[in-house]
Amino acid sequence: MTIDINSNNTLEKLQQSFNSVFPFLKIEFFTQAHEKGKPSAAKYMVNPKKTIGDLSKTGSNGSVDVRDSMTVFEFEKLFEDRFGLHVQVFRKSGRIWLETTATDNWTLASQNEQGKELSEYTREKGETPDYHEQE
């Protein structure tokens with residue numbers, strides 16, 4: 001999948017493009033970078049109504065080729081290096097979204113599949129499994 005990055009596009013539009021390919025993943029944007037395997041502080045989360053140009057410190061136009069075989073770390077680093085955008089991937093786990101900090105080395109496809117399985121488990125059992133990735 002190719003995501004076009006344009007300084008006039010909202011972050012929300014970028015989120016929707018990503019989520020259309022990976023329905024059990026979402027991306028959030030932050031004003032501060034995070035280290036590999038570390039979470040992003042909620043106080044730095046950016047309102048998705050803002051434009052890419054509002055947030056990007058570098059050139060904010062171009063395109064990104066996102067492959068399902070790419071790891072979360074590679075995906076997040078690509079946005080950081082090319083556009084100066086601090087991105088964090090979240091995975092659906094039942095009714096909640098978890099930052100994928102402990103599994104940054106998993107591929108986007110693996111993350112999405114895990115989210116699908118956890119969501120199906122929750123729907124079948126009517127409960128959320130006792131699982132907390134960030135611990």
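Asn9 is found in the loop between strand 1 and helix 1. In this predicted model, Asn9 is buried, with a relative accessible area of 18%. That value counts as buried because the cut-off for the term is under 20%. Setting aside residues within four places in sequence, Asn9 is in contact with Asp4, Lys50, Thr51 and Ile52.

The chain as a whole comes next. It contains 4 helices and 5 strands. Read from the N terminus, the elements follow the order β-α-β-α-β-α-β-β-α. Of the 135 residues in the chain, 40% are buried. Contacts between residues at least 6 apart in sequence were also examined. Among these, 68% join residues at least 24 apart.

An open sheet is formed by 3 strands, in the order 2-4-5, with antiparallel pairing. Strand 2 (25-30) and strand 5 (96-99) stand at the edges. Each has a single partner strand, so one side of each is left without a neighbour in the sheet. From one strand to the next, the twist averages 40°.

The pairings can be taken in turn. Strand 2 pairs with strand 4 (residues 86-93) in the antiparallel sense, over 6 bridges. Here Ile27 stands opposite Val89 in strand 4. Helix 3 (residues 72-83) packs on the sheet and touches both strand 2 and strand 4. The direction of helix 3 makes about 150° with that of strand 4.

On the other pairing, strand 4 and strand 5 are joined over 4 bridges, again in the antiparallel sense. Ser93 stands opposite Ile96 in strand 5. These two strands form a hairpin, with 2 residues between them. Gly94 lies in the turn and has a positive phi of about 70°.

The largest nonpolar core has 23 residues. Within it, the residues with the most contacts are Phe29, Phe75, Phe79 and Leu108. Several elements contribute at least two residues each: strand 1 (2-5), helix 1 (11-21), strand 2, helix 2 (52-55), helix 3 and strand 4. The largest share, 4 residues, comes from helix 3. Helix 3 is also the helix that packs on the sheet.

Phe29 is found in strand 2. With a relative accessible area of 1%, Phe29 is buried, since buried means under 20%. Which residues does Phe29 touch, not counting residues up to four places away in sequence? The list is Leu11, Leu14, Gln15, Tyr44, Met45, Val46, Leu55, Leu85, His86 and Val87. Among them, Leu11 and Leu14 fall in the range of helix 1 (11-21). Leu55 falls in helix 2 (52-55). His86 and Val87 fall in strand 4 (residues 86-93). A further distance involves Ser40, 11 residues from Phe29 along the chain. The C-alpha atoms of Phe29 and Ser40 are separated by 9.3 Å.

Attention now turns to open space. Rolling a probe the size of a water molecule over the atoms shows where empty space is left. The largest pocket holds about 160 Å³ of space. Its lining is made up of 13 residues. Nearest the centre of the pocket lie His34, Phe73, Glu76, Lys77 and Glu80. Helix 3 and strand 4 each supply at least two residues of the lining. Which element gives the largest share of the lining of the largest pocket? Helix 3 does, with 5 residues.

Glu80 lies in helix 3 and is among the residues nearest the centre of the largest pocket. Is Glu80 buried, partly exposed or exposed? Glu80 is partly exposed, with a relative accessible area of 30%, because this value lies between the limits of 20% and 50%. Not counting residues up to four places away in sequence, Glu80 touches Ala33, Leu85 and His86. Glu80 and Ala33 are 47 residues apart in sequence. In space, they are 8.2 Å apart, C-alpha to C-alpha. Leu85 and His86 are touched by Glu80 and by Phe29.

Definitions and conventions
Residues numbered from 1 in each chain as written. Predicted model: local features only at pLDDT ≥ 70, side-chain atom pairs only at ≥ 80, totals over all residues. Heavy atoms only, no water. Pairing = 2+ DSSP bridges. Axes fitted to C-alpha atoms, helices over the stretch in contact; angles between N-to-C directions. Contact = heavy atoms within 4.5 Å. Core = buried A, V, L, I, M, F, W, Y, C linked by side-chain atoms within 4.5 Å. Buried < 20%, exposed > 50% of the residue type's maximum accessible area, 1.4 Å probe, protein only. 1 Å grid on protein atoms, 1.4 Å probe; cavity = no way out; pocket = protein on both sides within 12 Å on 5 of 7 lines; lining within 4 Å. Points joined across faces, edges and corners; volume = space filled by probe spheres on them.
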